[in-house]
Structures are given as C-alpha cells and as structure tokens.
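Visitor: I'm new to this one. Can you put it up and take me through it?
Guide: Here it is.

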Amino acid sequence: MPLRIEQFPVLSDNYGYLVRDEASGQVACIDTPDADAIAAAMDRLGWGLDLILNTHWHPDHAGGNEALKARFGATIYGPQEVTRIAPLDHPVTAGDTVALGETRFTVIDVGGHTLQHIAYHDAADHVAFVGDSIFPLGCGRMFEGDPVQMWGGLSRIAALPDETRLYCAHEYTAANARFALSVDDAPALKARAQAVFAARERGEWTVPSTVGEEKATNPFLRAPRLAERVGAAGKSDAEAFAAVRRAKDNFKG
Ligand code: ZN
Ligand code: FE
C-alpha cells in the first residue's frame, strides 16, 4: 500500500496518526492532539514531518500545531477556523486537494461538530481521516452546526465506497455501542456490539472501521430507519438524525 499509517493512542482517548507516502517518503501528521507524543512517535519511526493536516479547530486536534511546526518546520493545512487557536499555513475547503508525495487527499466538508470540520479522503488507498465527524457506531456532538449541515456531512461519508477505512480521532466505541443498542435491535448491530465489548476487554482498538460497517450498524447513519424509535416518524432524514443525536446527548448508559 502506498500510504503507510501509524496509529497510536494519545491523551485520554484520542488517536494520533502519522502517515507516510511510501513513494516519496513524505510524512503527514493528521491533527496534533499532543506534540510531545507525536514527536516521540516520529523519533521511534525515524521519520521527519512535512505536513500537518487539521480536521477542525478543537485543542485536541490543533493544539500541537505550533510546537510541531517550530520543531520540524511542517506546513499546516486545515480549515480556516483553526486560526482560532493555532497557526495555519494553507486554509482548505471542500473539493480542495492536498498532495503528500504521490498521495492525494481530497477535502470533504463534514461540518456540524464544528462549522468548518473537514475530512481527508485518499481514494486510491480507500482511506479517510474523519476527525470527530463520525466514530464507530457514533458521531461527534453537534457543537456548532445544525442537523441539516451535519446530516449532509455524514451522508458524504456514507457515500464513499464501502471498503473505505474511517480513521477517527477517539476511542468511544464501547459507549457508542451501548447507546446504539438502546435505539436499534438490528442483528448486525448486536453482533458488532458484542465484538466491540470483547475487543475492548482485551484492550484492543476498534478504530478504524469501514463505511460498509457504519452504514449497516451506526445509528446516526441509520437514523431515517430508526425515526419511529426516536419520536421522529414522518420527519425529514435530517430531523430523524437530530432526534437520534438528542437521544444520545441525553443517554445515561
Ligand atoms: Zn472535536
Ligand atoms: Fe476531539
């Protein structure tokens, strides 16, 4: 595979990602949750740092920009909103392409968790870095956007090929599974939830997942089919999504 992905846990429940375009040796860091942990991973791998790709402005995603740029001289791409807390060299928006050697990342608008949240899709390698927009069996909290915007972003992720691997920024899957089981009794969900609980018992990561798995079992992508269960029968898909999101916000699992 032309893109090598190094994943490592940082902070309390984040994942850090370093990716290397094998053709050129160029390296990018996806978000900067913890500059020291990322620098330690780079030392271990013997890698330099060419690019930083931010998904959104939150401190556990852009907080390490300044320190990593100072130390490695990396060029920072991300949505304009990143400048609220951190340096940014090249603002990008939906449809833009970011090159890492021979690898091409297409920017997808997945706003809603924050207004300008973006994902980076490498179609050739069937990989997308999605930040806090979608998680296995979950999605990000809707801090800044509205349901129409956020449903639009989730729909764009769902429209990617089923085999696309989704690299998100947090290990929230067990809690997401408990909520999902409260609103959906699909057999595929039950089976996946059991596998998730067992994996977490063993200390294993549940990230990445795939678009196909999420379409089959993620209650947010399945919101239109769960509308009745969440009191949104007959409503629009975005309103059904909003009802599932509200149910999750109020869920005491
Ligand atoms: Zn966030
Ligand atoms: Fe986050």
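Visitor: What order do the strands have in the open sheet of 6 strands?
Guide: The order is E7-E8-E9-E10-E13-E14, and the pairing is mixed. Strands (E, at least two residues) and helices (H or I, at least four) are DSSP runs numbered from the N terminus, and two strands pair if DSSP finds at least two bridges between them. Before going on: this is a predicted model, where local features need pLDDT of at least 70, side-chain atom pairs count only at pLDDT 80 or more, and totals for chains, interfaces and linings use all residues. Residues are numbered from 1 along each chain as its sequence is written, chains are lettered from A and ligands numbered from 1 in the order in which they are written, and side-chain values use heavy atoms, with hydrogens and water left out.

Visitor: Which are the edge strands?
Guide: Strand E7 (97-100) and strand E14 (209-210), each of which pairs on one side only.

Visitor: And how do E9 and E10 run?
Guide: E9 and E10 run antiparallel, joined by 3 bridges. His121 stands opposite Ala128 in E10.

Visitor: On to the metals. What coordinates the zinc ion?
Guide: Zinc (ligand 1) is coordinated by His56 through NE2, His58 through ND1, His113 through NE2 and Asp132 through OD, at 2.2 to 2.3 Å. Donors here are N, O and S atoms within 2.8 Å of the metal (3.2 Å for Na, K and Ca); water is not among the atoms, so sites may look incomplete.

Visitor: Why is the arrangement irregular?
Guide: Because the 4 donor atoms around the zinc ion subtend angles of 86 to 174°. Four donors count as tetrahedral if all angles lie between 85 and 135 degrees; four count as square planar and six as octahedral if opposite donors are over 155 degrees apart and all others between 65 and 115; anything else is irregular.

Visitor: Where in the chain do His56 and His113 lie?
Guide: His56 lies in the loop between strand E4 (51-53) and helix H2 (59-62), and His113 in the loop between strand E8 (103-109) and strand E9 (118-122), so the pair ties together parts that are 57 residues apart in sequence. Both His56 and His113 are buried; buried means under 20% relative accessible area, exposed over 50%, partly exposed in between (1.4 Å probe, protein chains only).

Visitor: What coordinates the iron ion?
Guide: Asp60 (OD), His61 (NE2), Asp132 (OD) and His170 (NE2), at 2.1 to 2.3 Å. The site of the iron ion (ligand 2) is irregular too, with angles of 84 to 167° among its 4 donor atoms.

Visitor: Which residue bridges the two ions?
Guide: Asp132 bridges the iron ion and the zinc ion, which lie 3.2 Å apart. Asp60 lies in helix H2 and Asp132 in the loop between E10 and strand E11 (134-135), so that pair ties together parts that are 72 residues apart in sequence. Asp60 and Asp132 are buried.

Visitor: Different topic. How many aromatic pairs are there?
Guide: A search of the whole structure finds 12. Rings of Phe, Tyr and Trp (its six-membered ring) pair if their centres lie within 6.5 Å; planes under 30 degrees apart count as stacked, over 60 as edge-to-face and the rest as tilted. The rings of Tyr17 and Phe129 have centres 5.5 Å apart and planes at 65°, so this pair is edge-to-face. Tyr17 is in strand E2 (residues 14-21) and Phe129 in strand E10 (residues 127-131), 112 residues apart.

Visitor: Are those two buried or exposed?
Guide: Tyr17 counts as buried at 3% relative accessibility, and Phe129 is buried at 1%.

Visitor: Which residues form the aromatic cluster?
Guide: Tyr15, Tyr17, Phe105, Tyr120, Phe129, Tyr167 and Trp205 form one cluster.

Visitor: Now salt bridges. How many?
Guide: The search finds 15, each being a side-chain nitrogen of Lys or Arg within 4 Å of a carboxyl oxygen of Asp or Glu. One of them joins Arg245 and Asp249, at 2.7 Å from N to O. Arg245 and Asp249 both lie in helix H9, 4 residues apart, about one turn of the helix.

Visitor: What else is linked to that pair?
Guide: Arg141 is: Arg141, Arg245 and Asp249 are linked in a network of salt bridges. Arg245 counts as buried at 3% relative accessibility, whereas Asp249 counts as partly exposed at 30%.
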